[in-house]
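Please read the following briefing alongside the sequence and the coordinates. The points are grouped by topic after a few lead sentences.

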Amino acid sequence: MNLWIGDYLKLRNEIHYLQFNLTDKLLVAEDIKETQLMLDEHLQREGQFKIIINSFVGLESQILKKKYVEGMTLDKIAMELGYSPNYIRNKHAKILIVVSTFETIYEQLELFKKNFPRAKK
């Protein structure tokens, strides 16, 4: 699984957990405030992930949204969009290759920045 996709799924689970915690009647005001602060940060980060997902267009965007935002299986996505399951699986695999390539380039860029910091003006 790609790093950012795994992070997104973990983040979604944490958001659900924090939202559930806020319904606890035994939480004191300080815990409510801290939990709400964490929830707000997680929701902001989720928005950043959705920007990445929305950077894809057309069918690729639909597949990513349905799989990782709505939690649908690839077979259900194929049925809903009117494609064969194999076609959607292949398309999904190609999307993951693009994402993986992007992650590799991003990691190399970050390493480069760390090893060769910009000179201050």
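Of the 121 residues in the chain, 26% are buried, where buried means under 20% relative accessible area, exposed means over 50%, and partly exposed covers what lies in between (1.4 Å probe, protein chains only). This is a predicted model, in which local features need pLDDT of at least 70 and side-chain atom pairs count only at pLDDT 80 or more, whereas totals for chains, interfaces and linings use all residues. Residues are numbered from 1 along each chain as its sequence is written, and side-chain values use heavy atoms, with hydrogens and water left out.

**Overall form**

- The chain contains five helices and zero strands, where helices (H or I, at least four residues) and strands (E, at least two) are DSSP runs numbered from the N terminus.
- The radius of gyration of the chain is 19 Å, whereas a compact globule of 121 residues would have one near 14 Å; the radius is taken over C-alpha atoms, and the globule rule is 2.2 Å times the number of residues to the power 0.38.
- The C-alpha trace spans about 50 × 50 × 20 Å along its principal axes.
- Among contacts in the chain with a separation of 6 or more, 56% are accounted for by residues 24 or more positions apart, a contact meaning heavy atoms within 4.5 Å.

**Confidence**

- The mean pLDDT of the chain is 86, and 93% of its residues reach 70 or more, pLDDT being the predictor's confidence in each residue, from 0 to 100.
- Among the elements of the chain, helix 4 has the highest mean pLDDT (97) and helix 1 the lowest (83).
- Where pLDDT is low, the predicted coordinates should not be read in detail.

**Helices 1 and 2**

- Glu46 and Arg12 meet through their side chains in a salt bridge with an N to O distance of 2.5 Å, a salt bridge being a side-chain nitrogen of Lys or Arg within 4 Å of a carboxyl oxygen of Asp or Glu.
- Because Glu46 lies in helix 2 (residues 29-54) and Arg12 in helix 1 (residues 3-21), this pair ties together parts that are 34 residues apart in sequence.
- Glu46 and Arg12 are both buried.
- Tyr8, which is placed in helix 1, counts as buried at 1% relative accessibility.
- Leaving aside neighbours within four places in sequence, Tyr8 is in contact with Glu46, Phe49, Lys50, Tyr68 and Val69.
- His42 has its place in helix 2 and counts as buried at 14% relative accessibility.
- Not counting residues up to four places away in sequence, His42 touches Leu11, Glu14, Ile15 and Leu18.

**Helix 4 and its surroundings**

- Leu74, Ile77 and Ala78 are the buried residues of helix 4.
- Seen down the axis of helix 4, these buried residues fall within an arc of 100°, so they line one face of the helix; the arc is that of the directions from the helix axis to the C-beta atoms.
- The buried residues of helix 4 pack against helix 3 (58-69) and helix 5, whereas Lys76 and Met79 are exposed on the other side of helix 4.
- Gly82, which follows helix 4, has a positive phi, near 80°.

**Further salt bridges**

- By the rule stated above, the count comes to five salt bridges.
- Asp75 forms a salt bridge with Arg89, in which the closest N and O atoms are 2.7 Å apart.
- As Asp75 lies in helix 4 (residues 74-81) and Arg89 in helix 5 (residues 85-115), the pair ties together parts that are 14 residues apart in sequence.
- Asp75 is partly exposed, with a relative accessible area of 39%, and Arg89 also counts as partly exposed, at 36% relative accessibility.
- The side chains of Glu110 and Lys113 meet in a salt bridge at 3.5 Å, N to O; being three residues apart in helix 5, Glu110 and Lys113 are separated by about one helical turn.
- Glu110 is partly exposed, with a relative accessible area of 32%, and Lys113 is partly exposed, with a relative accessible area of 45%.
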